[in-house]
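Here is a quick tour of a protein model, written for someone who likes to know the cut-offs. Have the viewer open and follow along.

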Amino acid sequence: MEVLYENLLDIQWQQVVMWIIGAVLIYLAIAKEMEPTLLLPMGFGAILVNLPNSGAKAVIDHLFAIGIDGSSHELFPLLLFIGIGAMIDFEPLLTNPKLMIFGAAAQFGIFFTLCLASLLGFDLNDAASIAIIGAADGPTSIFVGTMLNSNYLAAIMVAAYSYMALVPIIQPPIIKLCTTKKERLIRMEYTGKKVSKLTKIIFPIAVTVIVGLVAPDAVALIGFLMFGNLIRECGVLNSLSETAQKVLANLITILLGISISSRMVAAEFLQWETLLILGLGLVAFIFDTFGGIMIAKLMNVFSKKKINPMIGAAGISAFPMSARVVHKLGLEEDNSNFLLMHSIGVNVSGQIASVIAGGLILSIVGKMLGIG
């Protein structure tokens, strides 16, 4: 009873706030089924590490070796990318390669937010790390933030994954605001062309080589992503592909969620900068969505075959949630207008583009700061 009394006296209001944040994350995971594999351990971990006199943070830091060097924060994203790569079918993109344009355009928010964060007083390494939230790609955000030694890694990780989970809430109003009903009703033909097995095998290898030459700092991320896809497409490692997609991806996501929560200690997390980072992350998401849609609208000015501009929003890389959001919005306007294959093609192109954008940020900012 004496220990209980002492602990109750040690409770601070900041810890209570973190309990509430943890409860909200758990609610979103269970009630709304938003990224439950990640948000549930994050929410529970946020409560765990903010109990008075809790030794949980030290134990988690030791188990996952995230201490000062953050070594696992570099390893986890790479391992997770193997699982993501094994999930991705690049056939919709390979049948219509011009969809890559939308993936590239939807990274606009990253560079816009980099400038905005710098103007708001963040150091360049922190501004660049915050901007990568706009990639809508948690592993890339963690990797870039770690490599640039950001001082706000916890807030960046929480913002990146929270916004990924909230894509079905964030994107629809932006898409509707940027498009007219007539544009949302545009139908797009899907040829259904088959891509040869050889092409599917060559594609991940070729992308790795090209990205490695263009953006060397992105080669680790793109390499692991494409290796996972090669496991999927080679046809001789089916059991390993299934393991990567399910067991590996889920296990690493849970470990990431717990390790992220160890950085959610009230004293470190509840700062004015955290709220600002969350706001800047939302700005990055909004402008990424805006960039993809606007490029589609611009292409329609010069194209005979009109493009439904909503598919441009799927270029933000939150795979496959963003593609599903676009498909659902298309069906709401016309229940026989199926945009899934087109939006999936844009979505996977956004996955590649986000990794390249992360590599370019690492290369440019790293050289300016003498990092790496």
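## Lys 176 and its partner

Lys 176 counts as partly exposed because its relative accessibility is 40%. The scale here is simple: buried means under 20% relative accessible area, exposed means over 50%, and partly exposed is in between (1.4 Å probe, protein chains only). Lys 176 makes a salt bridge with Glu 332, and the closest N and O atoms are 3.9 Å apart. That pair links distant parts of the chain, with Lys 176 in helix H12 and Glu 332 in helix H19, 156 residues apart. Glu 332 is partly exposed too, with a relative accessible area of 48%.

A word on where this comes from: it's a predicted model, so local features need pLDDT of at least 70 and side-chain atom pairs count only at pLDDT 80 or more, while totals for chains, interfaces and linings use all residues. Residues are numbered from 1 along each chain as its sequence is written, and side-chain values use heavy atoms, with hydrogens and water left out.

## The other salt bridges

Side chains of opposite charge can pair when their charged atoms come close. The rule used is a side-chain nitrogen of Lys or Arg within 4 Å of a carboxyl oxygen of Asp or Glu. How many salt bridges does that rule give? The count comes to seven.

One of them joins the side chains of Glu 91 and Lys 200, at 2.8 Å from N to O. This pair links distant parts of the chain as well: Glu 91 sits in helix H6 (residues 91–94) and Lys 200 in helix H14, 109 residues apart. Both Glu 91 and Lys 200 are buried. Then there's Lys 297 with Glu 183, whose closest N and O atoms are 2.8 Å apart. Lys 297 is in helix H18 (residues 272–302) and Glu 183 in helix H13 (residues 181–184), so the pair ties together parts 114 residues apart in sequence. Lys 297 is partly exposed at 22% relative accessibility, whereas Glu 183 is buried at 16%. There's also a network of salt bridges linking Lys 181, Arg 184 and Glu 333.

The helix labels are DSSP runs (H or I, at least four residues for helices; E, at least two for strands), numbered from the N terminus.

## The largest pocket

Rolling a probe the size of a water molecule over the atoms shows where empty space is left. On a 1 Å grid over the protein atoms alone, a pocket is an open set of points where a 1.4 Å probe fits, with protein on both sides within 12 Å along at least five of seven lines; lining residues have an atom within 4 Å of a point. The largest pocket has a volume of about 870 Å³, taken as the space filled by probe spheres set on the points, which are joined across faces, edges and corners.

Its lining has 33 residues, and Glu 35, Phe 319, Pro 320, Met 321 and Arg 324 lie nearest the centre. Which helix gives the most to the lining? H19 does, with six residues. Other helices that each supply at least two lining residues include H3 (36–48), H5 (71–87) and H16 (238–261). By class, the lining has 18 nonpolar, seven polar and eight charged residues; Ala, Val, Leu, Ile, Met, Phe, Trp, Tyr, Cys and Pro count as nonpolar, Asp, Glu, Lys and Arg as charged, and the others, Gly among them, as polar.

## A nonpolar patch

On the surface, Ile 205, Val 209, Ile 210, Leu 213 and Val 214 form a nonpolar patch with about 520 Å² of accessible area together. Patch residues have over 30% relative accessible area and no salt bridge, with nonpolar side chains (Val, Leu, Ile, Met, Phe, Trp, Tyr) joined within 5 Å and like charges within 9 Å. The areas come from the Shrake-Rupley method with a 1.4 Å probe, and for residues only the protein chains shown count as cover. Leu 213 belongs to helix H14 (residues 197–214) and is exposed, with a relative accessible area of 70%.

## Two loop residues with positive phi

Asn 149 isn't a glycine, yet its phi is positive, at about 55°. Asn 149 lies in the loop between H10 and H11 and is exposed at 51% relative accessible area. Ser 317, also not a glycine, has a positive phi near 90°. Ser 317 lies in the loop between H18 and H19 and counts as buried at 2% relative accessibility.
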